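Me: I'd like to learn how to read a helix in a model. Can we go through one together?

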Amino acid sequence: AQAMLGDMYREGLGVARDLAEAAAWYRKAGEQGDAVAQENLGRMYREGRGVPRNETEAEKWLRKAAEQG
């Protein structure tokens, strides 16, 4: 559900579009092991959307997702 909320805020579906809020929801889901949320958060860090551009953080989250298969 947390990753789905992230999607809603990222796309502005039923809520105001807010990339920072999307990243916060993805982080919560990612910390609990949700690989899709980890991938989405990694992409946001890589592109600097909703969070500061940070390749180290991007790699960390993308690696967590990748390690789950």
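Me: Which residues on the other side of α4 are exposed?

Reply: This is a predicted model, where local features need pLDDT of at least 70, side-chain atom pairs count only at pLDDT 80 or more, and totals for chains, interfaces and linings use all residues. Residues are numbered from 1 along each chain as its sequence is written, and side-chain values use heavy atoms, with hydrogens and water left out. Exposed means over 50% relative accessible area, buried under 20%, partly exposed in between (1.4 Å probe, protein chains only). Here E55, T56, A66 and E67 are the exposed ones.

Me: And which residues in α4 are buried?

Reply: That's A58, W61 and A65. Looking down the axis of α4, the buried residues fall within an arc of 80 degrees (directions from the helix axis to the C-beta atoms), so they line one face of the helix.

Me: What do the buried residues of α4 pack against?

Reply: Think contacts, meaning heavy atoms within 4.5 Å. The buried residues of α4 pack against α2 (19-31) and α3 (35-47). Leaving aside neighbours within four places in sequence, the contacts of Y45 include A58 and W61.

Me: Which residues have the most contacts inside the largest nonpolar core?

Reply: In soluble globular proteins, nonpolar side chains tend to be buried together. The largest nonpolar core here has 15 residues, and Y26, L41, M44 and Y45 have the most contacts inside it. The largest share, six residues, comes from α2.

Notes. Helix = DSSP H or I, 4+ residues; strand = E, 2+ residues; numbered from the N terminus. Core = buried A, V, L, I, M, F, W, Y, C linked by side-chain atoms within 4.5 Å.
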